[in-house]
Amino acid sequence: MIIQAFVGAGSIAIAGGFVGGSLAGSGVIVNNEIYAEITSYIEGGNAIKASSIDVLSSSRSNIDATAASASIALSFAPIGAAVSAAATIVSNKVDINLDSYVANSTLTSTGSFRVLADDRNQLTTVGYAVAAS
(Lines give C-alpha, C1' and ligand atoms only; values in the text may rest on other atoms or scores of the structure.)
Protein backbone atom coordinates (compact mmCIF):
# COMPACT_ATOMS: atom_id res chain seq x y z
CA MET A 1 0.00 0.00 0.00
CA ILE A 2 1.26 3.46 -0.85
CA ILE A 3 0.08 6.84 0.43
CA GLN A 4 1.57 10.03 -0.99
CA ALA A 5 0.21 13.27 0.43
CA PHE A 6 1.04 16.96 0.21
CA VAL A 7 -1.14 19.45 2.04
CA GLY A 8 -0.59 23.19 2.33
CA ALA A 9 -2.38 26.22 3.75
CA GLY A 10 -1.59 29.93 3.84
CA SER A 11 -2.99 33.23 4.96
CA ILE A 12 -2.16 36.92 4.59
CA ALA A 13 -3.63 39.86 6.50
CA ILE A 14 -2.83 43.53 5.77
CA ALA A 15 -4.03 46.58 7.68
CA GLY A 16 -3.58 50.27 6.92
CA GLY A 17 -4.93 53.67 7.94
CA PHE A 18 -4.16 55.72 11.04
CA VAL A 19 -5.07 52.95 13.50
CA GLY A 20 -5.10 49.38 12.30
CA GLY A 21 -4.39 45.83 13.20
CA SER A 22 -4.10 42.57 11.36
CA LEU A 23 -4.34 38.99 12.46
CA ALA A 24 -3.44 36.01 10.26
CA GLY A 25 -3.43 32.33 11.04
CA SER A 26 -3.19 29.04 9.17
CA GLY A 27 -2.99 25.41 10.11
CA VAL A 28 -2.69 21.97 8.58
CA ILE A 29 -3.46 18.57 10.06
CA VAL A 30 -2.50 15.43 8.13
CA ASN A 31 -3.40 11.95 9.37
CA ASN A 32 -2.48 8.84 7.31
CA GLU A 33 -3.25 5.29 8.41
CA ILE A 34 -2.67 1.88 6.84
CA TYR A 35 -4.20 -1.27 8.33
CA ALA A 36 -3.99 -4.82 6.99
CA GLU A 37 -4.41 -8.44 8.07
CA ILE A 38 -2.37 -10.83 5.93
CA THR A 39 -2.35 -14.59 6.51
CA SER A 40 -0.70 -17.37 4.50
CA TYR A 41 -1.03 -20.95 5.64
CA ILE A 42 -1.27 -24.62 4.86
CA GLU A 43 -3.65 -26.43 7.13
CA GLY A 44 -5.01 -29.96 7.03
CA GLY A 45 -2.89 -30.94 4.04
CA ASN A 46 -2.40 -34.68 3.85
CA ALA A 47 0.83 -35.86 2.26
CA ILE A 48 1.75 -32.76 0.24
CA LYS A 49 4.88 -33.41 -1.83
CA ALA A 50 6.69 -30.74 -3.87
CA SER A 51 10.13 -29.77 -5.11
CA SER A 52 9.92 -26.65 -2.94
CA ILE A 53 7.33 -25.22 -0.54
CA ASP A 54 6.97 -21.55 0.37
CA VAL A 55 4.37 -20.10 2.74
CA LEU A 56 4.90 -16.35 2.55
CA SER A 57 3.08 -13.33 4.00
CA SER A 58 4.53 -10.02 2.85
CA SER A 59 3.78 -6.32 3.31
CA ARG A 60 5.44 -3.34 1.61
CA SER A 61 3.72 -0.23 2.89
CA ASN A 62 4.92 3.30 2.21
CA ILE A 63 3.69 6.64 3.53
CA ASP A 64 5.28 9.81 2.16
CA ALA A 65 3.61 12.88 3.68
CA THR A 66 4.51 16.57 3.53
CA ALA A 67 2.50 19.31 5.19
CA ALA A 68 3.16 23.05 5.22
CA SER A 69 1.45 26.15 6.54
CA ALA A 70 2.47 29.79 6.24
CA SER A 71 0.97 32.95 7.66
CA ILE A 72 1.86 36.63 7.19
CA ALA A 73 0.34 39.61 8.98
CA LEU A 74 1.26 43.23 8.15
CA SER A 75 0.16 46.55 9.58
CA PHE A 76 1.11 49.81 7.86
CA ALA A 77 -0.78 51.99 10.35
CA PRO A 78 1.19 54.45 12.54
CA ILE A 79 -0.74 53.03 15.47
CA GLY A 80 -1.14 49.37 14.76
CA ALA A 81 -0.22 45.81 15.42
CA ALA A 82 0.16 42.61 13.46
CA VAL A 83 -0.07 39.08 14.80
CA SER A 84 0.57 35.89 12.84
CA ALA A 85 0.46 32.20 13.73
CA ALA A 86 0.99 28.97 11.80
CA ALA A 87 0.79 25.32 12.86
CA THR A 88 1.36 21.94 11.23
CA ILE A 89 0.54 18.51 12.67
CA VAL A 90 1.41 15.30 10.82
CA SER A 91 0.55 11.80 12.04
CA ASN A 92 1.26 8.48 10.28
CA LYS A 93 0.37 4.99 11.43
CA VAL A 94 1.04 1.59 9.87
CA ASP A 95 -0.56 -1.43 11.56
CA ILE A 96 0.11 -4.61 9.59
CA ASN A 97 -0.53 -8.03 11.12
CA LEU A 98 1.29 -10.82 9.26
CA ASP A 99 0.86 -14.50 9.96
CA SER A 100 2.40 -17.47 8.14
CA TYR A 101 2.05 -21.00 9.40
CA VAL A 102 1.67 -24.71 8.69
CA ALA A 103 -0.70 -26.74 10.90
CA ASN A 104 -1.95 -30.33 10.94
CA SER A 105 -0.20 -31.13 7.66
CA THR A 106 2.35 -33.59 6.34
CA LEU A 107 4.69 -31.86 3.91
CA THR A 108 7.60 -33.31 1.97
CA SER A 109 10.01 -31.14 -0.01
CA THR A 110 12.99 -32.26 -2.05
CA GLY A 111 14.25 -28.65 -2.16
CA SER A 112 13.60 -25.62 -0.02
CA PHE A 113 10.89 -25.28 2.60
CA ARG A 114 10.20 -21.76 3.90
CA VAL A 115 7.58 -20.28 6.20
CA LEU A 116 8.10 -16.53 6.21
CA ALA A 117 6.33 -13.35 7.34
CA ASP A 118 8.13 -10.30 5.93
CA ASP A 119 7.15 -6.74 6.82
CA ARG A 120 8.99 -3.75 5.30
CA ASN A 121 7.37 -0.39 5.91
CA GLN A 122 8.72 3.05 5.12
CA LEU A 123 7.46 6.29 6.63
CA THR A 124 8.68 9.69 5.47
CA THR A 125 7.12 12.73 7.11
CA VAL A 126 8.01 16.40 6.75
CA GLY A 127 6.16 19.29 8.37
CA TYR A 128 6.74 23.03 7.93
CA ALA A 129 5.16 25.96 9.74
CA VAL A 130 6.20 29.58 9.12
CA ALA A 131 4.67 32.74 10.60
CA ALA A 132 5.79 36.34 10.11
CA SER A 133 4.37 39.66 11.22
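1. Basis. The model is predicted: local features need pLDDT of at least 70, side-chain atom pairs count only at pLDDT 80 or more, and totals for chains, interfaces and linings use all residues. Residues are numbered from 1 along each chain as its sequence is written, and side-chain values use heavy atoms, with hydrogens and water left out.

2. Sheet. Three strands form an open sheet in the order β1-β4-β7, and their pairing is parallel. Strands here are DSSP runs of E with at least two residues, numbered from the N terminus; two of them pair if DSSP finds at least two bridges between them. The edges are taken by β1 (2-15) and β7 (113-132); each has a single partner strand, so one side of each lacks a neighbour in the sheet. On average, neighbouring strands of this sheet are turned by 5° against each other, direction ignored. That angle is between axes, which are lines fitted to C-alpha atoms, and angles run from 0 to 180 degrees between N-to-C directions.

3. The β4/β7 pairing. Strand β4 (residues 53-75) runs parallel to β7, and 20 bridges join the two.

4. Core. The largest nonpolar core has 5 residues: I34, A36, I63, A65 and I96. Such a core is a set of buried Ala, Val, Leu, Ile, Met, Phe, Trp, Tyr and Cys residues joined through side-chain atoms within 4.5 Å. Buried means under 20% relative accessible area, exposed over 50%, and partly exposed in between (1.4 Å probe, protein chains only). Strands β2 (19-43) and β4 are the elements that give two or more residues to this core. Residues up to four places away in sequence aside, I63 touches I3, N32, I34, N92, K93, V94, Q122, L123 and T124; contact means heavy atoms within 4.5 Å.

5. Loop residue G17. G17 lies in the loop between β1 and β2. Leaving out residues up to four places away in sequence, G17 touches F76, A77 and P78.

6. Aromatic pair. How many aromatic pairs are there? The count is 1, where rings of Phe, Tyr and Trp (its six-membered ring) pair if their centres lie within 6.5 Å, and planes under 30 degrees apart count as stacked, over 60 as edge-to-face and the rest as tilted. Y41 and Y101 form a stacked pair, 5.2 Å centre to centre with 5° between the planes. The pair links distant parts of the chain, 60 residues apart: Y41 is in strand β2 and Y101 in strand β5 (residues 79-103). Y41 is partly exposed at 49% relative accessibility, and Y101 is partly exposed at 27%.

Technical notes. Helix = DSSP H or I, 4+ residues; strand = E, 2+ residues; numbered from the N terminus.
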